[in-house]
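Student: I would like to learn how to read salt bridges. Can you take me through them one at a time?

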Amino acid sequence: MLMEGADPIVQVHDLDRWWQRGLRMIGLTYGNTKYGTGVKGGKAEFRTDGLTEEGLALLDQMAEMGFIWDISHLTEKGIWQGLDRKFPHVFASHANAQALIPTDRHLSDDVIRAVAGRDGVIGLVLYNRFLEPRWKWDRPIAVTLEEHLRRQAEHIAGLCGWEHIGIGSDLDGGFGWEESPTGNRQHR
């Protein structure tokens, strides 16, 4: 089970109860939380805040207990704060390459390499706006798996290998088939 945005964990010492209930993966932020500064839909302006002292304490306890840390929705500074602490189990449940979609919501090439260096996985987001930035203003653009998702996958594989790529979807975010890539251009 994954928690996106850790505010339901009221205090760090509550982690044991969450573990007993089956929680194994935690993303500290979805937007801002008491644990750190997060990002949602993605902006061209990059936020410079990171994890709070509570966030660092939570991350340390998560590492000690064997939790997996989801870096999706966290600022780059916050990600590096955790990576610098040598957090062992890191992944991005749903994020794409910032080099192709230049917003704060996605991961820089250096972060992608660092996640792979911890044997982590990047789960690609199947949301048209995160695959083709022009789609936000021009909805008739056909966003396809073959072209747009493949571009993301090949970019990340070129940095760290295919074994570090998964499908993250993010389709629980209220997106429907209209916001998702098609199998080919003929389906639109």
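Tutor: Start with the general idea. Side chains of opposite charge can pair when their charged atoms come close. Now the case here, in a predicted model. Asp60 forms a salt bridge with Arg85. Their closest N and O atoms are 2.7 Å apart.

Student: Which parts does the pair of Asp60 and Arg85 tie together?

Tutor: Asp60 sits in helix H2, residues 53-65. Arg85 belongs to the loop between helix H3 (76-84) and strand S4 (90-91). The pair therefore links parts that are 25 residues apart in sequence.

Student: How far apart are Arg151 and Glu147 in helix H6?

Tutor: They are four residues apart in that helix, which spans residues 145-160, so about one helical turn separates them. Arg151 is partly exposed at 32%, and Glu147 is partly exposed at 31%.

Student: Which residue forms a salt bridge with Arg134?

Tutor: Glu132 does, and the closest N and O atoms are 2.9 Å apart. Check the accessibility of each partner. Arg134 is exposed, with a relative accessible area of 51%. Glu132 is buried, at 6%.

Technical notes:
Residues are numbered from 1 along each chain as its sequence is written. This is a predicted model: local features need pLDDT of at least 70, side-chain atom pairs count only at pLDDT 80 or more; totals for chains, interfaces and linings use all residues. Side-chain values use heavy atoms; hydrogens and water are left out. A salt bridge is a side-chain nitrogen of Lys or Arg within 4 Å of a carboxyl oxygen of Asp or Glu. Helices (H or I, at least four residues) and strands (E, at least two) are DSSP runs, numbered from the N terminus. Buried means under 20% relative accessible area, exposed over 50%, partly exposed in between (1.4 Å probe, protein chains only).
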